[in-house]
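I opened the notebook today to look up the ligand and its surroundings. Here are my entries, in the order I made them.

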Amino acid sequence: MKKEIKKIAILTSGGDAPGMNATIRAIVRAGIHNGLEVYGVEEGYKGLVEGKIKLMNRDAVTNIINRGGTILGSARLPEFSQDEVAQIALDQLKSRDIDALIAIGGDGTYRGALKLTKMGLNCIGLPGTIDNDIASSEFTIGFDTAVNTAVEAIDKLRDTSNSHKRCSIVEVMGRYCGDIAYAAAVATGADLVITSETGYSLEEVIKTVKNCQNHKSRHVLIVITEHITDVRELAKQINEYTGFDSRATILGHIQRGGCPTPFDRVLASRLGNAAVEELLNGEGGKCMGVFNNKVVATPIEKALEMKKQMFKGYKDLTTIIS
Ligand code: ATP
């Protein structure tokens, strides 16, 4: 028989992402609408173990739909993979009669939610991460905002790069998933995009810059993801091999911040609402995502095994980029 739930908790974990607050708001509002008590856990699984759990009412989530970061805070607790640590978290929830948990974050956060589900607590994972590296959703909450931030910065770099006849190398986030780089490269008319999926070759970079020189370009734009190569060193190599004045810019954590775009706010609201519905239906151990603009629930275990595909819309655009 389905157990009726009365109290649920939310946490945000892993790297913060714009739209996490909009997700928290959606969960609190949908929860209260359905007669639930909703508790906020501060600082991810670390705060859960420490018992940093507070009741949230509607006022707690006013004026946050447009705010970046997460009002609940985020933290990393690698020890959460240990049974005895997760058991403390479970006891914290049980002692407050909390029936279920919604965890917003990346795949590490999903592993924590799966662990708790296996220990008897219904958990739902929501994809809150800028990298778009969760295979069980076409888009993650925060990705669109991060792309907007990168595009705005690259557009500014293009102005100066064009004036001074320079090559700009822009490093963006997305260690395991090049979607930010790809989307930003398409949107800014980049000459080359380098990600973990495309692979990296110095020869190809030099060839691209020389091609642009042959076409009398006033600027060259290369978008590259983090952890591929030392971009400052790459700028020196381009100078050396082509004579084209080159500069590297690392966008870094600026991509994590800022006010979420309407797309992210709507996605956050849909997924937050759907997570509450799943819990009310007695479901747990699932994560929510969107495919073809439809909200889809996938078992977390299966989601963690799925391989992230590069967003299919980008695959056809190699003809435009180089
Ligand atoms: P991002 O994509 O932004 O890095 P993430 O959710 O993948 O987000 P992680 O640091 O990998 O970030 O994970 C967040 C937290 O989830 C960890 O600090 C830890 O508390 C918990 N976690 C990660 N892996 C596991 C695991 N195998 N078992 C239980 N809990 C885990």
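**Around the ligand**

I sorted the shell around the ligand by class and found three nonpolar, nine polar and three charged residues. For the classes, I counted Ala, Val, Leu, Ile, Met, Phe, Trp, Tyr, Cys and Pro as nonpolar, Asp, Glu, Lys and Arg as charged, and the others, Gly among them, as polar.

A note on my source: this is a predicted model, where local features need pLDDT of at least 70 and side-chain atom pairs pLDDT 80 or more, while totals for chains, interfaces and linings use all residues. Residues are numbered from 1 along each chain as its sequence is written, and side-chain values use heavy atoms, with hydrogens and water left out.

I listed 15 residues surrounding the ligand, the closest being Arg76, Leu77, Gly106, Gly108 and Thr109; near means a heavy atom within 4 Å. Helix H4 (residues 107–118) gives the largest share of this shell, five residues. Helices here are DSSP runs (H or I, at least four residues), numbered from the N terminus.

**Polar contacts**

I looked for pairs of N or O atoms within 3.5 Å. The side chain of Thr109 has an N or O atom 2.5 Å from a ligand oxygen. For Arg76, a polar side-chain atom is 2.6 Å from an oxygen of the ligand. For Asp107, the corresponding distance to a ligand oxygen is 3.2 Å. I also noted that the ligand alone exposes 620 Å², of which the protein buries 78% (Shrake-Rupley method, 1.4 Å probe).

**The pocket**

Where does the ligand sit? I found it in the largest pocket, meaning that more than half of its atoms lie within 2 Å of the pocket's grid points. A pocket is an open set of points on a 1 Å grid over the protein atoms alone, where a 1.4 Å probe fits, with protein on both sides within 12 Å along at least five of seven lines; lining residues have an atom within 4 Å of a point.

H4 also supplies the largest share of the lining, six residues. By class, I counted eight nonpolar, 12 polar and 11 charged lining residues.

Key:
A polar contact is a pair of N or O atoms within 3.5 Å; within protein, one must be able to donate a hydrogen and the other to accept it, and residues adjacent in sequence count only if both atoms are side-chain atoms. Helices (H or I, at least four residues) and strands (E, at least two) are DSSP runs, numbered from the N terminus.
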